[in-house]
Amino acid sequence: MKHSVVIPLSRQEEDTLRLIAHGISSTRHLRPDDLDQLAKLRLVDRLDGKVTLSELGQVRMAQSQEEQFLSIIRAARDHQPDLRLS
């Protein structure tokens with residue numbers, strides 16, 4: 001059974017999470033309020049001035065990417081109802 005991690009984030013928090021996922025890990029380059037909230041939600045781990053995605057953060061990012069992909073497919077099908085994807 002596939003589990004879903006539903007953690008609503010503000011646009012800024014989502015952007016900060018994406019930056020961390022893409023390797024921006026120095027706390028001086030990231031918004032402190034976002035880092036505090038993401039750490040509180042256990043989406044990131046902090047160590048020696050660096051931030052990384054926690055296991056839960058990795059799951060959250062994977063789901064976000066999957067949702068974006070599915071929304072693109074739905075939009076394509078809305079414009080071409082007979083579209084078949086193999």
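The model discussed here is a predicted one. Of the 86 residues in the protein chain, 28% are buried. As for secondary structure, the protein chain has three helices and two strands, and these follow the pattern α-α-β-β-α along the sequence. Among contacts in the protein chain with a separation of 6 or more, 43% join residues 24 or more positions apart.

Start with the helix pair. Helix H1 covers residues 11–21 and helix H2 covers residues 32–40; the two pack at an angle of about 80°, with their axes 9 Å apart. H1 and H2 are therefore roughly perpendicular to each other, since angles of 65 to 115 degrees count as such. On the H1 side, the contact is made by Gln12, Glu13, Thr16, Leu17 and Ile20, while H2 brings in Asp34, Leu35, Gln37 and Leu38. Sorted by class, the contact of H1 with H2 comes out as four nonpolar, three polar and two charged residues.

Now for H1 by itself. Its buried residues are Glu13, Glu14, Thr16, Leu17 and Ile20. Viewed down the axis of H1, these buried residues fall within an arc of 160°, so they line one face of the helix. Threonine 16, a residue of helix H1, is buried, with a relative accessible area of 3%. Setting aside neighbours within four places in sequence, threonine 16 is in contact with Leu30, Arg31, Asp34, Leu35 and Leu38. Leucine 19 also sits in helix H1, but this residue is partly exposed, at a relative accessible area of 38%. Again leaving out neighbours within four places in sequence, leucine 19 is in contact with Ile24 and Leu30. Leucine 19 and histidine 29 are ten residues apart along the chain, and their C-alpha atoms are separated by 9.5 Å. Following H1 comes glycine 23, which has a positive phi, near 100°.

H2 has its own buried set, namely Asp34, Leu35 and Leu38. Looking down the axis of H2, the buried residues fall within an arc of 100°, so here too they line one face of the helix. These buried residues of H2 pack against H1, strand S1 (44–47) and strand S2 (50–53).

Leucine 38 is worth a stop on the way through helix H2. At 0% relative accessibility, leucine 38 counts as buried. Its contacts, apart from neighbours within four places in sequence, are with Leu9, Glu13, Thr16, Leu17, Ile20, Leu43 and Val44. Of these partners, Glu13, Thr16, Leu17 and Ile20 are also listed among the residues by which H1 makes its contact with H2. Leucine 38 and threonine 16 are 22 residues apart in sequence, and 8.8 Å lies between them in space, C-alpha to C-alpha.

Arginine 42 belongs to the loop between H2 and S1, and at 63% relative accessibility it counts as exposed. A further case is aspartate 48, which is not a glycine and yet has a positive phi of about 50°. Aspartate 48 is placed in the loop between S1 and S2. With a relative accessible area of 74%, aspartate 48 is exposed.

Note on methods. Residues numbered from 1 in each chain as written. Predicted model: local features only at pLDDT ≥ 70, side-chain atom pairs only at ≥ 80, totals over all residues. Heavy atoms only, no water. Helix = DSSP H or I, 4+ residues; strand = E, 2+ residues; numbered from the N terminus. Buried < 20%, exposed > 50% of the residue type's maximum accessible area, 1.4 Å probe, protein only. Contact = heavy atoms within 4.5 Å. Axes fitted to C-alpha atoms, helices over the stretch in contact; angles between N-to-C directions. Parallel < 35°, antiparallel > 145°, perpendicular 65-115°, else oblique. Nonpolar A, V, L, I, M, F, W, Y, C, P; charged D, E, K, R; others polar. Arc of directions from axis to C-beta.
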